[in-house]
Amino acid sequence: MELNEYNILPRDGEVFYFRNFFHEEECHLLYGALLEKIHWQQKQVMMYGRLLNVPRLTAWYGDEGQEYTYSGLKNKPLQWIAELLEIKTRLEIAAQIKFNSVLLNLYRNGNDSVDWHKDDEPEFGSDPVIGSVSFGGTRKFKFKHDQLKTLKTEIELTNGSFLLMKGSAQHHWYHSIPKTMKPVKPRINLTFRVIK
């Protein structure tokens with residue numbers, strides 16, 4: 001496991017990057033299992049007076065009662081499967097925190113994306129801790145400061161990597177996975193969270 005030992009944010013929060021947190025064979029097995037076993041859904045949101053497809057497939061898993069609402073979408077948790085529990089345990093040891101839920105995203109191609117946002121919903125508490133794992137294709141992950149508009153940074157999330165966001169990061173930084181015209185392989189992303 002390679003650890004980026006410095007905070008990739010220049011100020012106002014903490015984000016640490018663990019490259020090759022999962023080795024290549026593990027990534028292959030876990031990607032295949034998640035692709036097959038997860039109950040992927042194509043959700044829709046109301047935007048500009050129209051019902052539009054969310055530009056990726058999603059799923060919400062977690063402990064009983066850990067509901068999560070974002071963009072007007074209410075998510076009731078599905079029961080953990082063995083592979084999710086395996087990943088969760090590994091992350092909990094590294095992050096030294098117990099996660100109770102996970103949002104999964106399947107980016108099928110470069111047209112799938114997630115727009116600028118903060119994961120600062122009240123149910124995540126005052127300083128949310130989010131553990132993000134990537135399997136499959138590499139995608140660019142961008143940050144921009146909410147007040148200092150010229151303050152930006154980005155990182156490429158590679159197969160088997162783990163990104164840990166904590167401290168005041170969700171208060172001050174927006175993040176996104178932009179669309180790309182470049183050919184990219186499908187990617188599964190898991191963002192483990194703590195619902196308070």
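1. Two strands count as paired if DSSP finds at least two bridges between them. The model discussed here is predicted. In it, Y61 has V102 of β8 as its bridge partner. The contact belongs to the pairing of strand β5 (residues 57-62) with β8, which run antiparallel and are joined by six bridges.

2. On β8 there is a second pairing to note. Strands of a sheet pair through backbone hydrogen bonds, in either a parallel or an antiparallel arrangement.

3. How many residues of strand β8 (residues 101-107) are buried? Seven of the seven are, so the strand is largely enclosed by the rest of the structure. The side chains of a regular strand alternate between the two faces of the sheet. In β8, S101, L103, N105 and Y107 point one way, while V102, L104 and L106 point the other way, and all are buried.

4. A separate point concerns an open sheet of four strands, in the order β9-β14-β11-β12, with antiparallel pairing. Its edge strands are β9 (114-117) and β12 (152-157), each of which pairs on one side only. Neighbouring strands in this sheet are turned against each other by 15° on average, with direction ignored.

5. Inside that sheet, strand β11 (residues 139-145) and strand β14 (residues 173-177) run antiparallel and are joined by four bridges. F143 has H175 as its bridge partner in β14.

6. Leaving aside residues up to four places away in sequence, I8 touches V15, F143, T153, I155 and L163. I8 sits in the loop between β1 (2-4) and β2 (14-19). For a sense of distance, I8 and T191 are 183 residues apart in sequence and 18 Å apart in space, C-alpha to C-alpha.

7. The whole structure contains nine salt bridges. Side chains of opposite charge can pair when their charged atoms come close. One of the salt bridges is between E83 and K37, whose closest N and O atoms are 2.7 Å apart. This pair links distant parts of the chain, since E83 is in helix α2 (residues 82-95) and K37 in helix α1 (residues 24-37), 46 residues apart. E83 is buried, with a relative accessible area of 14%, whereas K37 is partly exposed at 46%.

8. Another salt bridge is formed by D112 with R108, again with the closest N and O atoms 2.7 Å apart. D112 is buried, its relative accessible area being 4%. R108, by contrast, is partly exposed at 35%.

9. Where does the salt bridge of K140 and E154 lie? K140 is in strand β11 and E154 in strand β12, so the pair ties together parts 14 residues apart in sequence. The N to O distance is 3.4 Å. Both residues are partly exposed: K140 has a relative accessible area of 31%, and E154 one of 43%.

Terms used: Residues numbered from 1 in each chain as written. Predicted model: local features only at pLDDT ≥ 70, side-chain atom pairs only at ≥ 80, totals over all residues. Heavy atoms only, no water. Helix = DSSP H or I, 4+ residues; strand = E, 2+ residues; numbered from the N terminus. Contact = heavy atoms within 4.5 Å. Axes fitted to C-alpha atoms, helices over the stretch in contact; angles between N-to-C directions. Buried < 20%, exposed > 50% of the residue type's maximum accessible area, 1.4 Å probe, protein only. Salt bridge = Lys/Arg side-chain N within 4 Å of Asp/Glu carboxyl O.
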